[in-house]
Amino acid sequence: MRAIGVTRYGGPEALQEIDVPVEELGPGTLRIRVSAAAVSPTDTLVRSGARSEAEQADAPGDVPGMDVAGVVAELGPDGGDGLAVGDRVVGIVTPTGPHGAYREDIVLPVGSVVRAPTGASDAEAATLPMNALTARHALDLLALGTGQTLAVTGAAGTLGGYLVQLAVHDGLHVIADAAEKDEELVRSFGADVVLRRGEDIAERIREIAPDGVDGLADASLQSAQVLPAVADGGAVATFRGYRGDGARGLRVEPVMVRDVAEERGMLAGLRDLAEQGVLELRVADVLPAVEAAEAHRRLEAGGVRGRIVLDLST
């Protein structure tokens, strides 16, 4: 079966069409005929080998991708749970070796799959699962109450945008950062205050919130640099395993989306919010799967707003 992956880790040019075995159905699983797969920063780590100590991937190769949209093609035993063959669905993938989203079909636990948002294209639907679940999990870990203040760095990105929109929906006061060209975009997400992004963002957040914010979601991965923005004893959500420096009683929560990858009710709730317009499904571009290398080049160059999505339907 056709997939896009790597046999030898490297730059975007390492991505190529590879042949992977068809996965077997098991209890509580279903098969999706994939039509769209979103391209995320995590995919570049799989491709580059940042998660491997070897230069080459085990045969048949490593396939990136954590988000799929498509159609249910087959149900395993106890694999329906309200879904039927032919239903349009979205799912989150935990990529391991050839088990990644850039492939023609994939077998997933039913807990990782829900009906696609009504009215959304396959490309739009594919932008939802991983980043929205990550944002929801982060906010749940921060556990801020209505009216408290959350700062969001990297607010113009896909994860950052979902963080802002969900936080506003939760009744939080949101301070977000943005480049000048993205300020109106971030305001459209509902942020109460939008500050110009930069290395001094913590200092400028303190100008707005002199005692520090109650919580911070660090979607721009600035780690220690942004901790001064948070009040003593406040909470910080991080997204690449950063655990803080132990100072000032800060509660630092590394967010791992795999922990909620089978929380079907959570994903269904996010789908509902997308249908209601609370979450905006943003597609930067749609490229044929064979142009995955170009998608990775553009993502790593920076400035992409929304997700580039690979079309696997042809």
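Begin by selecting helix α4, where T158, L159, G160, G161, Y162, L163, V164, Q165, L166 and A167 are buried (buried means under 20% relative accessible area, with a 1.4 Å probe and protein chains only). This is a predicted model, in which local features need pLDDT of at least 70 and side-chain atom pairs count only at pLDDT 80 or more, whereas totals for chains, interfaces and linings use all residues. Residues are numbered from 1 along each chain as its sequence is written, and side-chain values use heavy atoms, with hydrogens and water left out.

**Helix α4 and its surroundings**

Helix α4 covers residues 158-169; helices are DSSP runs of H or I with at least four residues, strands are runs of E with at least two, and both are numbered from the N terminus. Because 10 of its 12 residues are buried, α4 is largely enclosed by the rest of the structure. From first C-alpha to last, α4 reaches 17 Å, close to the 16 Å expected at 1.5 Å a residue (the expected span is 1.5 Å times one less than the number of residues).

Next, display what covers the buried residues of α4: this includes α3, β8 (149-153), β9 (173-178), β11 (213-218), α7 and β15 (307-311). After α4 comes G171, whose phi is positive, near 90°.

**Helices α3 and α7**

Now select residues 129-142 (α3) and 264-276 (α7), which pack at an angle of about 110° with their axes 10 Å apart. Axes are lines fitted to C-alpha atoms, for helices over the stretch in contact, and angles run from 0 to 180 degrees between N-to-C directions. The two helices are therefore roughly perpendicular to each other, a term for angles of 65 to 115 degrees. P129, A132, L133, R136 and D140 of α3 meet M266, L267 and L270 of α7, where contact means heavy atoms within 4.5 Å.

**The nonpolar cores**

Select L150, L163 and L279 next: these have the most contacts inside the largest nonpolar core, which has 57 residues. Such a core is a set of buried Ala, Val, Leu, Ile, Met, Phe, Trp, Tyr and Cys residues joined through side-chain atoms within 4.5 Å. Helix α3 gives this core its largest share, 7 residues. Apart from it lies another core, of 36 residues, among them A14, V39, A295 and V304.

**H99**

Finally, select H99, in the loop between β5 (88-92) and β6 (105-109). H99 is buried, with a relative accessible area of 18%. Not counting residues up to four places away in sequence, H99 touches E23, V63, V93, T94, I106, V107 and L108.

How values were computed. Parallel < 35°, antiparallel > 145°, perpendicular 65-115°, else oblique. Buried < 20%, exposed > 50% of the residue type's maximum accessible area, 1.4 Å probe, protein only.
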